[in-house]
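Student: Hi! I have a new structure open and would like a friendly walk through it. Can you help me find my way around?

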There are 4 protein chains.
Amino acid sequence: MTELRVAVLGVGLIGAQHVDRIERRIKGARLAVVNDYVTEKAEQVAAGIVGCRAVSDPLDAIADPDVDAVVLATPGPTHEKQLLACLEHGKPVLCEKPLTTDVATALELVKREAELGRKLIQVGFMRRFDDEYAALRAMIAAGELGEPLVMHCAHRNPAVPQGFNSEMVVRDSLVHEIDVARFMFGEEITSIQMVKPAPNPAAPGGLADPQIAILRTGTGKHVDVELFVTTGIAYEVRTEVVGEKGSATIGLDVNLVRKSVPGAWGGAITPSFKERFGRAFDTEIQRWVDAVRRGPGTGVYVDGPGAWDGYAAAAVCEAGVESLNTGLPVAVTLADRDSIKGA
Amino acid sequence: MTELRVAVLGVGLIGAQHVDRIERRIKGARLAVVNDYVTEKAEQVAAGIVGCRAVSDPLDAIADPDVDAVVLATPGPTHEKQLLACLEHGKPVLCEKPLTTDVATALELVKREAELGRKLIQVGFMRRFDDEYAALRAMIAAGELGEPLVMHCAHRNPAVPQGFNSEMVVRDSLVHEIDVARFMFGEEITSIQMVKPAPNPAAPGGLADPQIAILRTGTGKHVDVELFVTTGIAYEVRTEVVGEKGSATIGLDVNLVRKSVPGAWGGAITPSFKERFGRAFDTEIQRWVDAVRRGPGTGVYVDGPGAWDGYAAAAVCEAGVESLNTGLPVAVTLADRDSIKGA
Amino acid sequence: MTELRVAVLGVGLIGAQHVDRIERRIKGARLAVVNDYVTEKAEQVAAGIVGCRAVSDPLDAIADPDVDAVVLATPGPTHEKQLLACLEHGKPVLCEKPLTTDVATALELVKREAELGRKLIQVGFMRRFDDEYAALRAMIAAGELGEPLVMHCAHRNPAVPQGFNSEMVVRDSLVHEIDVARFMFGEEITSIQMVKPAPNPAAPGGLADPQIAILRTGTGKHVDVELFVTTGIAYEVRTEVVGEKGSATIGLDVNLVRKSVPGAWGGAITPSFKERFGRAFDTEIQRWVDAVRRGPGTGVYVDGPGAWDGYAAAAVCEAGVESLNTGLPVAVTLADRDSIKGA
Amino acid sequence: MTELRVAVLGVGLIGAQHVDRIERRIKGARLAVVNDYVTEKAEQVAAGIVGCRAVSDPLDAIADPDVDAVVLATPGPTHEKQLLACLEHGKPVLCEKPLTTDVATALELVKREAELGRKLIQVGFMRRFDDEYAALRAMIAAGELGEPLVMHCAHRNPAVPQGFNSEMVVRDSLVHEIDVARFMFGEEITSIQMVKPAPNPAAPGGLADPQIAILRTGTGKHVDVELFVTTGIAYEVRTEVVGEKGSATIGLDVNLVRKSVPGAWGGAITPSFKERFGRAFDTEIQRWVDAVRRGPGTGVYVDGPGAWDGYAAAAVCEAGVESLNTGLPVAVTLADRDSIKGA
């Protein structure tokens with residue numbers, strides 16, 4: 001079968017990485033179109049790739065007849081319009097989180113896609129494609145831990161860009177653990193409480209860091225997440241699931257070369273999400289490309305979390321932001337999924 | 001100097017272990033008297049030890065002129081009266097937790113001892129004497145982690161005796177982490193919230209297990225504790241302190257022999273607190289005996305947590321039990337320590 | 001650029017894996033031709049792949065104008081003739097080890113390729129492409145361990161096929177560590193001694209297992225390798241390099257999910273080389289395909305160990321087999337590389 | 001029973017540690033006499049201990065009627081005469097290694113003790129009392145690893161005193177692994193080969209470091225030991241036993257506090273044998289004191305390796321020193337143990 005012609009919209013940090021992997025590592029796909037808010041950037045990228053051109057309007061790129069599928073790495077506020085265009089043109093799309101920036105529009109997208117009757121939207125929760133997360137999920141699914149009961153997570157960044165505020169800890173960092181919790185337990189989150197301990201003296205003034213999130217699922221499972229984005233250490237992401245028959249942890253030994261140096265033994269930690277999850281992104285995009293290419297036969301153009309997952313995560317984040325202010329548990333209310341046929 | 005003559009009151013599970021260690025491993029001390037509610041048990045123990053006799057009334061044992069110091073391993077409800085007798089007779093005493101069974105009497109003991117002007121009461125929080133906990137505390141004290149900000153704990157038992165109820169998870173299990181938190185941060189706990197997730201299907205009906213405790217210290221440090229007493233696994237106790245300059249964990253590699261067996265690598269986990277903390281108990285008792293022997297010269301007859309620590313832990317437990325019912329944070333109110341001269 | 005058209009010769013265990021990865025994961029290449037001693041097997045494979053056909057004679061496959069490059073996964077004794085054909089037709093070839101089955105023919109191939117003045121032969125020592133081995137090599141190259149002095153290796157298989165004999169332990173298992181030693185130290189092996197301890201009672205009669213290999217490099221570095229191919233455990237491959245400024249180990253924590261189950265903690269071990277080195281094979285083939293595609297521009301059609309590496313490994317193996325009989329150190333004599341222009 | 005009155009001969013590095021532990025930690029024993037080649041040193045030590053006096057002649061100290069048992073921490077060359085005196089006076093003795101400095105006198109001591117018909121001599125191979133070594137031995141004894149087949153050891157020191165030479169690596173460092181090998185396998189060593197790789201550039205001129213020892217037991221088990229005494233790192237001692245049913249390693253995670261600091265995770269390593277084996281020494285001396293006190297009833301005054309073990313280790317060391325010169329395997333010939341009644 002011929003190669004999938006992909007448009008990448010947004011060639012910033014993540015988008016540029018996607019361009020690179022599609023160009024160099026992803027089997028069965030090639031870059032047909034790139035787009036960016038900064039036109040010159042897109043043109044520069046296109047110039048280096050045989051058979052690829054820059055298109056200045058993202059909606060034109062989506063509509064382009066040379067484009068079979070779209071990767072959205074544009075800023076969140078533009079997602080709604082671009083996703084609607086993808087649905088309108090029947091173009092499969094892998095959308096980096098967030099789905100949209102508010103719950104109402106996210107739900108609207110869920111409904112529109114459901115009306116189409118075709119799964120076209122995949123949301124970029126890449127951790128589901130990480131070998132370790134996948135192995136942990138498989139362990140749970142196989143019943144090795146019995147009924148899962150509790151999950152502990154740590155999400156630590158060495159530093160954050162200027163302007164990163166307390167809400168962004170919830171919307172940009174915690175959102176991954178929200179999806180992980182839903183993925184591991186196979187349930188919705190029904191309540192969230194944000195705890196703000198005394199802040200790290202090294203954190204910028206006004207940034208509540210660390211934060212602790214306390215989640216509860218529909219059947220009463222407990223999840224706690226330490227979010228700490230100014231550790232000065234490295235990118236440390238850890239998850240432990242405690243079940244009826246055992247517990248299992250990932251992210252503990254973050255590098256497999258173990259050194260002895262004067263007075264100490266140990267290993268390196270990945271400095272950023274790129275080193276930690278680069279391979280998960282590869283797997284995600286490869287499996288998405290494979291699914292899209294099989295799509296005409298199967299009617300399914302995704303292989304991973306979909307629009308509903310993006311909507312549910314957004315709803316939990318919104319409740320989390322509310323709890324940031326009160327410190328109290330906030331209930332998460334979702335639409336009735338069963339009533340949306342095809343969601 | 002002559003050996004310290006010790007009376008052990010209560011020769012049940014813990015008391016019998018203390019008898020054994022004083023008889024076989026503790027330098028500078030010997031058993032002079034043993035006592036137990038079940039007289040025959042005490043007599044049987046005494047019969048096996050040269051120079052030791054059974055005394056049927058605990059208060060007689062305390063008052064006995066052949067007794068220099070007392071180890072209290074009797075049931076909690078009898079502690080108040082026995083500790084008061086120790087103070088009255090000026091006998092140094094190592095009291096297994098709890099100090100007393102309610103906050104008011106615990107505070108009363110703090111005051112009585114303070115009036116005496118001599119530190120005579122040590123409370124048996126043995127974890128402070130464990131090599132790992134001590135190393136972690138030393139690391140914090142040396143500033144290696146910078147300002148400590150967050151502490152995560154897990155406290156897992158394979159099983160509990162019949163009749164163990166939800167309150168006992170707080171009073172008998174969590175009490176250790178409460179002391180550890182105060183020890184590590186050097187601060188009082190000011191608030192506690194108990195979370196009850198969906199229970200372990202394998203837990204006895206009516207027992208809330210697992211439970212999650214969320215503590216906050218005076219300066220806003222966060223502590224969370226997973227309490228899970230029916231894991232069926234082993235005795236797993238783990239603590240991580242996350243600080244401004246780094247994080248440190250103890251209790252992870254619970255046994256140093258690492259095996260490869262068909263399909264798997266790993267090590268054993270200590271089956272019970274006896275294997276995990278047996279050496280900590282040895283260190284605790286040895287250091288206590290050493291301190292008591294030096295006491296006439298120093299005026300201090302303890303080397304470890306004292307009456308105030310027992311009182312403060314009791315106050316947090318009481319608030320924890322209240323939170324068990326509501327699920328909401330409960331403030332912990334302590335007496336003004338500065339106003340109790342010598343506390 | 002157009003996709004590289006690859007012929008895979010030999011579609012047994014390893015060859016079939018290469019077919020699968022080229023078909024599904026390797027960017028920039030596609031299968032044009034397959035061949036196997038068992039014609040039906042090749043035809044069956046070809047039938048499942050669009051644009052691929054079976055060719056019954058391996059030399060025809062190599063000569064085929066639709067073939068740009070060759071993957072050799074045929075039995076060792078056929079390699080010499082097939083490699084010569086590749087050189088004759090100027091076809092880049094990735095040859096699974098061994099290069100050839102004896103030292104003289106291996107050297108002959110080195111010379112023939114050198115005469116051509118083009119690097120066309122790559123030998124399939126896939127460990128060099130494993131993330132861990134690559135990281136360890138990078139650590140040494142960066143001087144992090146100072147001068148490397150000693151290397152310890154363990155190479156353990158759960159079981160071996162019937163008919164596996166003592167020589168094959170050297171030729172098929174040890175050969176990988178021989179290449180690893182040359183890769184890590186950047187030096188030739190000049191001496192080898194094989195030690196045969198008392199055999200594993202569970203090993204088949206006549207098989208010397210375990211065996212210990214003791215290697216020495218040109219500048220006197222020491223390498224020891226435990227070879228144990230009937231462990232009944234799993235596929236365990238471990239390497240430690242001890243240097244002037246520190247030591248580093250890979251292969252210790254063989255799986256990153258760490259479980260606590262009744263009485264024990266630990267992780268899984270990869271059952272076979274496929275799980276352990278599957279990703280290394282992917283990297284190897286991808287980088288080889290990339291290099292071959294760049295070849296017309298660069299004049300280099302390899303990206304990894306070449307003919308000389310295959311020859312040097314063969315020479316050490318031959319000496320190892322001799323030492324198997326005597327138990328004494330045997331010197332390894334190599335041709336003078338400098339005298340072979342282009343080797 | 002009354003306390004055992006102990007004489008410590010030699011109060012240098014190890015002797016002073018024994019004085020300290022007997023004075024502060026060993027139950028059932030007290031220091032009666034100390035002796036040292038430097039009289040003032042002994043007097044200074046005695047002055048600080050109630051009931052202890054300095055005796056200037058070691059043979060007088062052994063003969064002293066106030067001395068029940070002797071700890072020998074004097075230089076090796078004086079051991080023979082002092083041990084003979086202990087036997088003559090019927091005084092139980094714990095002798096730090098070596099038993100004596102040559103094989104002939106060591107064997108003579110074995111015979112003398114055997115003639116007495118009472119086990120009076122224990123040799124200070126303290127590793128047998130280390131929790132990890134003991135656990136590994138117990139694992140083997142319980143058959144958990146099946147038939148043990150191979151043992152790998154590393155013995156690394158950060159630095160050595162001036163004047164430490166290549167022979168001392170065998171006699172003072174390797175001697176511990178020789179005893180460990182005999183302990184684990186329960187067999188004699190019958191052959192030893194010393195390999196001298198290219199030396200560590202940081203080692204003093206003339207010191208062969210690292211060295212590799214290759215041992216073989218009576219039934220053909222293989223042991224290799226890396227000896228590296230100028231690592232600049234820490235005191236790292238590691239042992240792996242590979243058996244028919246599994247393998248087990250000790251000394252890997254050398255400290256149980258695990259830290260994350262900028263860019264790295266890991267733990268501390270014990271800086272010297274004192275931190276690594278301090279507790280093993282405590283256990284050794286406590287068990288020896290207990291055994292000596294039970295001696296009059298049991299007729300056995302040791303609880304650990306005896307004169308024969310000291311002799312056998314000396315014989316292997318002597319062969320090792322011979323191999324240092326030739327690089328070839330040297331056979332170890334021991335006296336016929338069965339012919340020495342009571343050895």
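**A chat about chains, sheets and domains**

Tutor: Happy to! Let's start with a pair of chains: chain C and chain D bury about 2,500 Å² between them, and 60% of that lies on carbon and sulfur atoms. Keep in mind that this is a predicted model.

Student: How many residues of chain C and chain D are in contact?

Tutor: There are 36 residues of chain C in contact with 36 residues of chain D.

Student: And how many salt bridges between chain C and chain D?

Tutor: The count there is four salt bridges. One to look at is C:R238 with D:E240, where the closest N and O atoms are 3.1 Å apart.

Student: OK, what about chain A and chain B, how much area is buried there?

Tutor: About 2,600 Å² is buried between chain A and chain B, with carbon and sulfur atoms giving 60%. The contact involves 36 residues of chain A and 36 residues of chain B.

Student: Which residues of chain A lose the most area to chain B?

Tutor: A:L149, A:A198 and A:E244 do, and together they make up 17% of what the chain A side buries.

Student: How many salt bridges cross the interface of chain A and chain B?

Tutor: Four salt bridges are found across it. In one of them, the side chains of A:R238 and B:E240 meet at 3.1 Å, N to O.

Student: What does chain A share with chain C, in terms of strands?

Tutor: Strand β13 of chain A (residues 258-261) pairs with strand β12 of chain C (residues 247-250) in the antiparallel sense, over three bridges. To find the spot, look for A:R258, which stands opposite C:T249 in β12(C).

Student: Which strand of chain A also pairs with β13(A)?

Tutor: That is strand β14 of chain A (residues 264-268), antiparallel to β13(A) and joined to it by three bridges. Within that pair, A:S260 stands opposite A:W265 in β14(A).

Student: What sits between the strands of that hairpin?

Tutor: The hairpin of β13(A) and β14(A) has two residues between its strands, and A:G263 takes a positive phi near 80 degrees.

Student: What is the strand order in the six-stranded open sheet of chain A?

Tutor: The order is β3-β2-β1-β4-β5-β6, with parallel pairing. At the edges are β3 (53-54) and β6 (121-123) of chain A, each pairing on one side only.

Student: How many bridges join β1 and β2 of chain A?

Tutor: Six bridges, with strand β1 (residues 4-9) and strand β2 (residues 29-35) of chain A running in the parallel sense. Helix α1 of chain A (residues 13-24) packs on this sheet, touching β1, β2 and β4 (69-72) of chain A, and its direction makes about 150 degrees with that of β2(A).

Student: And which residue is the bridge partner of A:L9 in β2(A)?

Tutor: A:N35 is the partner of A:L9.

Student: What about chain C, what order do the strands of its six-stranded open sheet have?

Tutor: In chain C the order is β3-β2-β1-β4-β5-β6, with parallel pairing. Strands β3 (53-54) and β6 (121-123) of chain C stand at the edges with a single partner strand each, so one side of each is left without a neighbour in the sheet. β3(C) runs parallel to strand β2 of chain C (residues 29-35), joined by two bridges, and C:V34 has C:A54 as its bridge partner in β3(C).

Student: Let's go to domains. Where are domain 1 and domain 2 of chain A?

Tutor: The domain assignment gives domain 1 as 4-126 + 277-305 and domain 2 as 131-270 + 317-326. Their centres, taken over C-alpha atoms, are separated by 27 Å.

Student: How many residues take part in the contact?

Tutor: Six residues from domain 1 of chain A and eight residues from domain 2 of chain A. About 710 Å² is buried between these domains, 66% of it from carbon and sulfur atoms. On the domain 1 side, A:K97, A:F125 and A:F277 lose the most area to domain 2, together 64% of what that side buries.

Definitions and conventions
Residues are numbered from 1 along each chain as its sequence is written. Chains are lettered from A and ligands numbered from 1 in the order in which they are written. This is a predicted model: local features need pLDDT of at least 70, side-chain atom pairs count only at pLDDT 80 or more; totals for chains, interfaces and linings use all residues. Side-chain values use heavy atoms; hydrogens and water are left out. Two strands pair if DSSP finds at least two bridges between them. Helices (H or I, at least four residues) and strands (E, at least two) are DSSP runs, numbered from the N terminus. Contact means heavy atoms within 4.5 Å. Axes are lines fitted to C-alpha atoms, for helices over the stretch in contact, and angles run from 0 to 180 degrees between N-to-C directions. Domain bounds come from an automatic or database domain assignment. Buried area is the accessible area (1.4 Å probe) that two parts lose on being put together, summed over both.
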